[in-house]
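Please read these points alongside the coordinates.

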Amino acid sequence: MPKRLTDAETVPVMQAAGLEPLEPYPGAVKPWRCRCEVCGAVGTPRYHNIKKGRGGCEPCGIVKRGLSRKV
């Protein structure tokens with residue numbers, strides 16, 4: 001069985017993605033309540049997705065996609 005990660009190992013990854021965790025680390029594939037440092041929205045991304053480079057703040061992602069599609 002893989003080693004369980006700690007808050008000290010996972011929080012820096014979330015902060016690098018622009019997210020501030022609001023509760024202790026629940027596990028890699030469980031929703032983790034975080035606040036976006038850019039827009040302040042509270043969401044529940046999964047650590048596994050953030051670590052793989054997918055996911056993040058949903059409202060910021062919607063804005064980013066919209067801006068990329070403008071002509």
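The numbered points below start with the model itself and then go through its elements.

1. This is a predicted model, in which local features need pLDDT of at least 70 and side-chain atom pairs count only at pLDDT 80 or more, while totals for chains, interfaces and linings use all residues. Residues are numbered from 1 along each chain as its sequence is written, and side-chain values use heavy atoms, with hydrogens and water left out.

2. An open sheet is formed by 3 strands in the order S1-S2-S3, with antiparallel pairing. Its edge strands, S1 (19–21) and S3 (42–43), each pair on one side only. Strands (E, at least two residues) and helices (H or I, at least four) are DSSP runs numbered from the N terminus; two strands pair if DSSP finds at least two bridges between them.

3. S1 and S2 (residues 34–36) run antiparallel and are joined by 3 bridges. Pro-21 stands opposite Cys-34 in S2.

4. Helix H1 (residues 7–16) lies across S1 and S2 and runs at about 150° to S1. Axes are lines fitted to C-alpha atoms, for helices over the stretch in contact, with angles from 0 to 180 degrees between N-to-C directions; contact means heavy atoms within 4.5 Å.

5. A search of the whole structure finds 0 disulfides, a disulfide being a pair of cysteine sulfur atoms within 2.5 Å. For Cys-34, the nearest cysteine sulfur is that of Cys-36, 10 Å away. For Cys-60, it is that of Cys-57, at 3.6 Å.

6. Cys-34 counts as buried, at 1% relative accessibility. Cys-60 is partly exposed, with a relative accessible area of 24%. Buried means under 20% relative accessible area, exposed over 50%, and partly exposed in between (1.4 Å probe, protein chains only).
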